[in-house]
Amino acid sequence: MDDPHCDPRRLAATYRRFDLVNRAVSGWGGVYRAHVRPRLRALGRPARVLDLGCGGGDVVVRLAGLAARDGLEVAWVGADPDPRALEAARERERPGVQFVSRGSAELLADGERFDLVLSNHVLHHLDTAQLREFTDDSRALARSAVLHADIARSRLAYGLYAVGVTPLAPGTFLRTDGLRSIRRSYRADELARTLGDPWRVATPAPFRVLAISEGTADHG
């Protein structure tokens, strides 16, 4: 999927089916209950939340639905610099959820700031320098928390995914991209060492890591 010349039809099908895959494996329901909802409620006012590298937009749309059911007033923004992802994401656009073609540095330059910043399955795509830039930018964009969720690398995760994704894989990149992503991802201890302070790394669900930090926006 990182290949700009990959089959556009298979790519579009992959983005559409990510919703099912992420619901099954990403653990965002638990992250929402443990981290997102308490932060939003503590603000005591309407909030603004950014999903960096939103891909096809399924995670931010799901979180928007959860927050709406809890009576929380939130403006959600999904940002991704890849126009192919934005094309897929905008099929999911709805009131309260906006998608923009922007990376983290562009959002900072635009003067954008958010109460929470989050991402899903972005960290393993980045080399060390890109990871540092991405995480620094995310903290500078956030007034409250930053939450970066990703896969935890393990042989068991690899094997289970290889079997479990088979019914959804035809006509998509779900199998090849997913298995490559697991191979490239971090274990919790590796991610903690790589990020260092002020990040802490939790394991919110099996085969998942969650990097957590406080934002620095408007702090001096």
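The legends below describe close-up views of a predicted model. In this model, local features require pLDDT of at least 70 and side-chain atom pairs count only at pLDDT 80 or more, whereas totals for chains, interfaces and linings use all residues. Residues are numbered from 1 along each chain as its sequence is written, and side-chain values use heavy atoms, with hydrogens and water left out.

**View A. Aspartate 115 and its contact with arginine 45.** Aspartate 115 is found in the loop between α5 (104–109) and β4 (116–120); helices (H or I, at least four residues) and strands (E, at least two) are DSSP runs, numbered from the N terminus. Its relative accessibility is 2%, so aspartate 115 counts as buried (buried, under 20% relative accessible area; exposed, over 50%; partly exposed, in between; 1.4 Å probe, protein chains only). The side chains of aspartate 115 and arginine 45 make a polar contact at 2.6 Å (a pair of N or O atoms within 3.5 Å; within protein, one must be able to donate a hydrogen and the other to accept it, and residues adjacent in sequence count only if both atoms are side-chain atoms).

**View B. The aromatic pair of tyrosine 15 and phenylalanine 18.** The structure holds one aromatic pair (rings of Phe, Tyr and Trp, the last by its six-membered ring, with centres within 6.5 Å; planes under 30 degrees apart are stacked, over 60 edge-to-face and the rest tilted). Tyrosine 15 and phenylalanine 18 form this edge-to-face pair, 6.2 Å centre to centre with 65 degrees between the planes. Because these residues are three apart in helix α1 (residues 8–25), about one helical turn separates them. Both tyrosine 15 and phenylalanine 18 are buried.

**View C. The salt bridge between glutamate 214 and arginine 39.** The structure holds 13 salt bridges (a side-chain nitrogen of Lys or Arg within 4 Å of a carboxyl oxygen of Asp or Glu). Glutamate 214 and arginine 39 meet through their side chains at 2.4 Å, N to O. Glutamate 214 lies in strand β7 and arginine 39 in helix α2 (residues 28–43), so that the pair links distant parts of the chain, 175 residues apart. Glutamate 214 is partly exposed at 39% relative accessibility, as is arginine 39 at 27%.

**View D. A network of salt bridges.** Arg153, Arg187, Asp189, Glu190 and Arg193 are linked in this network. Glutamate 190 pairs with arginine 153, the closest N and O atoms being 2.8 Å apart. Glutamate 190 is buried at 17%, whereas arginine 153 is partly exposed at 25%. Arginine 187 and aspartate 189 meet at 3.6 Å, N to O.
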